[in-house]
Amino acid sequence: MTESLSAALTLFVSTLITLIVIMDPPGAVPIFLALTARMTPAERSAAARRASLVAFGVIALFALFGQRILDYL
């Protein structure tokens, strides 16, 4: 049981680091601020929330069906 937990934790950390590197949060901040410069703080917060949910949805979709999509292509 400990071995499988350790393997799962290692996979999770590796995947998380890969996602952080790919998404580059510090590099995306100036782009987000430039695109939302004319928005109120409430609108900016809603836009950030919406963007995060869309990004999560895309990642989850490809995590679940990515291999099938690639096989189809």
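The legends below describe close-up views of one predicted protein model. Residues are numbered from 1 along each chain as its sequence is written, and side-chain values use heavy atoms, with hydrogens and water left out. Because the model is predicted, local features need pLDDT of at least 70 and side-chain atom pairs count only at pLDDT 80 or more, while totals for chains, interfaces and linings use all residues.

**View 1. The chain and its three helices.** The protein chain has three helices and zero strands, in the order α-α-α from the N terminus. Its radius of gyration is 17 Å, well over the 11 Å from the globule rule for 73 residues, so the chain is more spread out than a compact globule. The radius is taken over C-alpha atoms, and the rule is 2.2 Å times the number of residues to the power 0.38. Helices (H or I, at least four residues) and strands (E, at least two) are DSSP runs, numbered from the N terminus. The C-alpha trace spans about 50 × 35 × 20 Å along its principal axes.

**View 2. Confidence along the chain.** Mean pLDDT, the predictor's confidence in each residue from 0 to 100, is 91 for the protein chain, and 99% of its residues reach 70 or more. Helix α1 (residues 2-23) has the lowest confidence, at a mean of 88, and α3 the highest, at 93.

**View 3. The largest pocket.** This pocket has a volume of about 320 Å³. A pocket is an open set of points on a 1 Å grid over the protein atoms alone, where a 1.4 Å probe fits, with protein on both sides within 12 Å along at least five of seven lines; lining residues have an atom within 4 Å of a point. Grid points are joined across faces, edges and corners, and the volume is the space filled by probe spheres set on them. Helices α2 (25-35) and α3 (41-72) each supply at least two lining residues, and α2 gives the most, with five. Among the lining residues are M23, P25, F32, L35 and A48.

**View 4. S52, a residue of the pocket lining.** S52 lines the largest pocket and lies in helix α3. It is partly exposed, with a relative accessible area of 47%; buried means under 20%, exposed over 50% and partly exposed in between (1.4 Å probe, protein chains only). S14 is 38 residues from S52 in sequence, and their C-alpha atoms are 21 Å apart in space.
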